[in-house]
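Subject: Structure handover

Hello,

Here is the structure I promised to pass on. Please open it beside this email. My notes come after it.

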Amino acid sequence: MPAWRSAASWRSSAQWVALLTLSAIVSLIWAAAGLPGALLLGPMIGGIAFGVKGLRLLTPPLPYLGAQGLLGAMIASAITPAIVASFSHNAPLFCLVIAATLLGAAAIGWLISRFGLIPGATAIYGTSPGASVAMVLLGEAEGADARLVAFMQYSRVLLVALGAALVAHFWSGTAGAHAPHAPWLAPVHWGNLAAVLLLVALGQQAARLLRVPAWALLGPMLLLSALHAGSWMNIELPRWLLAGAYALIGWHIGLGFTRDALRHAGQTLPVVAAAAICLMSFCGLLAWGVMRLAHVDALTAYLATSPGGLDSVAIIAASTPRVDLSFVLGMQSVRLLFVIGLAPLITRLVVQHSAHLQAAKNSAGD
């Protein structure tokens, strides 16, 4: 091997070690502060730091596809028989609230794009309620700016998590909630894990052949959701494996940032914050309707309609007295599937029926 190639290989390896170390430090600080999504946001912030410095590292394609498949399996593991039963008992109400949330978020995204504050598809995927990682991947597959979608999504996640925690704290007097994570070195059922990984690969290939948007994510998610909801399969993913998948996705997003891209994202912060607050307020109105129609307490209704993310809302709901956890997780989980499944369709419809978005799309094509 030529000396220059050997030196480049060592330099790349050293940069990856530095990125891994920085990501781990940021994740630990983020988790210690009680903020959600540490395993994803730590690597993403580390990747942004490297990308802004001009270090051109690329996530390996095959591991990145595998990470998307594992994310789909993780989402599928949240769709339990109990949640399906809760949905069947409240199906009309759930569908009405979920449809209103999706349309309200799409309307906010449309208004943002209409006034030229953020480009069309990016604005709609960025304001989509929940499934932050999936929205970044779907938006990227549909030609949106994945970096700006990520900035919008995670800004909203932080605001929503903070709002839900404060509401739960002052409403019920509950202290800050922390996630009941599985141990890092918990025993692994290797046979079950091998079956899950095999189905992830099969789901991806089937979705790719069927030309499903974001097939690497949606294929495994749809296949494993059906199996898990029907009690035909138990999905258990080791925490260290999910941490690796989150890191790959976070690095892929973060390393795509440049100094100019980060400056542009920062300039949109007032718009992003205003959009998140508008969506939270709209969902608060929906919570009032849910409380009246479903005869649940106000805090349960608020957490059930809170616009993402599922993990942080589930943690807060599980640690708050008198909250109907199955109702909260039922609505949040079903909305997660609806958001991922319908977001590409809603985006296409909005673009097709918006003159300003069609003009922007045509000019981009030219």
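Below are the notes, starting with confidence and moving on to individual helices and residues.

**Ground rules**

This is a predicted model, so local features need pLDDT of at least 70, side-chain atom pairs count only at pLDDT 80 or more, and totals for chains, interfaces and linings use all residues. Residues are numbered from 1 along each chain as its sequence is written, and side-chain values use heavy atoms, with hydrogens and water left out.

**Confidence**

Confidence is highest in helix 9 (residues 190-209), with a mean of 94. It is lowest in helix 17 (residues 355-365), with a mean of 58. Over residues 174-180 the pLDDT is below 50. Beyond near neighbours in sequence, that stretch still has 13 contacts in the model (contact means heavy atoms within 4.5 Å). Where pLDDT is low, the predicted coordinates should not be read in detail.

**Overall make-up**

The chain has 17 helices and 0 strands. Both are DSSP runs, numbered from the N terminus: helices are H or I with at least four residues, strands are E with at least two. Buried residues make up 48% of the 366 residues. Buried means under 20% relative accessible area, exposed over 50%, and partly exposed in between (1.4 Å probe, protein chains only). Of the contacts with a separation of 6 or more, 77% join residues 24 or more positions apart.

**Helix 2**

Helix 2 covers residues 38-52. Its 15 residues should span 21 Å at 1.5 Å a residue, and its end C-alpha atoms are 21 Å apart, which agrees. The expected span is 1.5 Å times one less than the number of residues. Just after the helix, Gly-54 takes a positive phi of about 85°.

**Helix pairs**

Axes are lines fitted to C-alpha atoms, for helices over the stretch in contact, and angles run from 0 to 180 degrees between N-to-C directions. Under 35 degrees counts as roughly parallel, over 145 as roughly antiparallel, 65 to 115 as roughly perpendicular, and the rest as oblique. A crossing is left-handed if the near helix is turned anticlockwise from the far one by less than a right angle, and right-handed if clockwise.

- Helix 9 and helix 10 (residues 215-229) pack at about 125°, with axes 7 Å apart. That makes helix 9 oblique to helix 10. The crossing is right-handed. The contact includes Val-196, Leu-199 and Gly-203 of helix 9, and Trp-215, Gly-219 and Leu-223 of helix 10.
- Helix 4 (residues 81-89) and helix 5 (residues 91-114) pack at about 90°, with axes 5 Å apart. They are therefore roughly perpendicular to each other. Ser-86, Phe-87, Ser-88 and His-89 of helix 4 meet Ala-91, Phe-94 and Cys-95 of helix 5.
- Helix 13 (residues 269-294) and helix 14 (residues 298-305) have axes that come within 8 Å and cross at roughly 135°. They are therefore oblique to each other. This crossing is right-handed. Contact residues include Met-280 and Cys-283 of helix 13, and Ala-301 and Tyr-302 of helix 14.

Helix 5 also passes the length check: its 24 residues should span 34 Å, and its end C-alpha atoms are 34 Å apart. Just after helix 5, Gly-116 takes a positive phi of about 70°.

**Single residues**

Gln-68 lies in helix 3 (residues 61-77). Gln-68 is buried, with a relative accessible area of 8%. Leaving aside neighbours within four places in sequence, Gln-68 is in contact with Leu-137, Gln-204, Ala-216, Leu-217 and Ile-249.

Met-135 is in helix 7 (residues 132-141). Met-135 is buried, at 0% relative accessible area.

Most residues other than glycine have a negative phi. Which way does Ser-231 go? Ser-231 has a positive phi of about 60° although it is not a glycine. Ser-231 sits in the loop between helix 10 and helix 11 (239-254), and is exposed at 54%. His-295 has a positive phi of about 55°, and is not a glycine either. His-295 lies in the loop between helix 13 and helix 14, and is exposed at 70%.

Best regards

Methods:
pLDDT is the predictor's confidence in each residue, from 0 to 100.
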